[in-house]
Amino acid sequence: MSKYLVTGGAGYVGSVVTAHLLEAGHEATVLDDLSTGFRDGVPAGATFVEADVKDAADHLDPSYDGVLHFAASSQVGESVAKPEKYWANNVGGTMALLGAMRSAGVRKLVFSSTAATYGEPESTPITESAPTAPTSPYGATKLAVDHMITGEAAAHGLAAVSLRYFNVAGAYGQYGERHDPESHLIPLVLQVALGRRESISVYGEDYPTPDGTCVRDYIHVADLAEAHLLALGAATAGEHLICNLGNGNGFSVREVVETVRKVTGHPVPEVVAGRRGGDPAVLVASAAAAQERLGWRPSRCDLAGIVSDAWDFARLRASAS
């Protein structure tokens with residue numbers, strides 16, 4: 001059994017990863033300032049500390065075997081409007097965390113990175129060797145943190161793995177997406193099915209894809225969580241390993257909307273709008289590196305299953321409100 005600090009563990013992905021850590025027999029301490037996370041999202045059995053990641057030094061000690069770092073601001077649109085917030089939280093917060101880890105002698109880190117580091121790809125599927133050209137301050141700050149971690153590993157022997165997520169979706173029991181404001185497609189479409197939104201906007205239907213709408217790679221949050229536990233075992237002193245996480249398949253916006261209709265049995269009116277700037281036609285991951293280095297393969301790749309889990313969670317939250 002090992003002991004881990006999970007920063008941002010009251011959020012969507014962090015809570016699911018924490019649940020997986022506990023189920024695997026580990027100890028977990030969640031550090032979260034609850035600015036976007038939820039106290040009831042912290043799994044039972046985890047120790048909870050309400051604090052900013054910049055204050056991690058007050059809570060980290062040599063008894064910890066590693067850190068899983070999810071504490072970050074993550075809204076692309078907000079990052080364009082408030083870049084200073086993203087540089088302070090994402091880069092400044094991680095710099096403070098790395099210093100705290102160095103002081104405490106905690107030498108293992110798994111970092112929640114993002115496919116936004118690639119920007120608009122030159123080709124798909126996207127590999128880790130693809131050029132990094134983020135198109136938002138959010139993506140730029142995550143890339144800056146990746147560079148920071150590379151330097152920390154080389155200079156101070158940190159064992160680090162960055163996991164670059166594509167579109168995380170689905171739910172794991174009582175843990176699921178509840179962003180405010182919500183910006184992810186599947187929960188937005190489910191809001192229409194719940195009657196909380198009149199229609200779903202389809203931004204562009206003239207892309208060079210089979211049905212004219214954007215194609216994205218959706219990965220189930222439980223598959224994602226399993227990759228984090230494997231990354232803890234694969235982390236090697238002095239190395240910063242970067243792996244993409246996706247299922248390697250793409251689903252269009254219209255396929256998602258139609259799948260929600262089938263799963264929920266509700267009509268989902270759609271309104272076609274113009275393309276949004278910076279929306280690539282296709283974003284699909286190559287997860288070959290994760291398969292080779294982590295021994296990870298996603299097992300929940302069926303879109304209907306992903307949507308069904310998210311629908312169960314959405315109805316659970318609706319009944320509780």
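This is a predicted model: local features need pLDDT of at least 70, side-chain atom pairs count only at pLDDT 80 or more; totals for chains, interfaces and linings use all residues.
Helices here are DSSP runs of H or I with at least four residues, numbered from the N terminus, and by that count the largest share of the lining of the second largest pocket, 5 residues, comes from helix H9.

- At least two lining residues are supplied by each of helix H5 (185–193) and helix H9 (303–320).
- Sorted by class, the lining comprises 10 nonpolar, 4 polar and 5 charged residues.

**Helix H3 and what covers it**
- Helix H3, spanning residues 83–104, has 22 residues and reaches 31 Å from its first C-alpha to its last, which is close to the 32 Å expected at 1.5 Å a residue.
- The buried residues of H3 include Tyr86, Asn90, Leu97, Leu98 and Met101, and their cover includes strand S1 (3–7), strand S4 (66–69), helix H2 (76–81), strand S5 (108–114) and helix H4 (137–156).
- Glycine 105 follows H3 and has a positive phi, near 75°.

**The S12-S9-S14 sheet**
- An open sheet of 3 strands runs in the order S12-S9-S14, with mixed pairing; strand S12 (251–252) and strand S14 (282–283) stand at its edges with a single partner strand each, so one side of each is left without a neighbour in the sheet.
- Strand S9 (residues 215–216) is joined to S12 by 2 bridges in an antiparallel arrangement, and valine 215 has serine 252 of S12 as its bridge partner.

How values were computed:
Residues are numbered from 1 along each chain as its sequence is written. Side-chain values use heavy atoms; hydrogens and water are left out. Ala, Val, Leu, Ile, Met, Phe, Trp, Tyr, Cys and Pro count as nonpolar, Asp, Glu, Lys and Arg as charged, and the others, Gly among them, as polar. Two strands pair if DSSP finds at least two bridges between them. The expected span of a helix is 1.5 Å times one less than its number of residues. Buried means under 20% relative accessible area, exposed over 50%, partly exposed in between (1.4 Å probe, protein chains only). Contact means heavy atoms within 4.5 Å.
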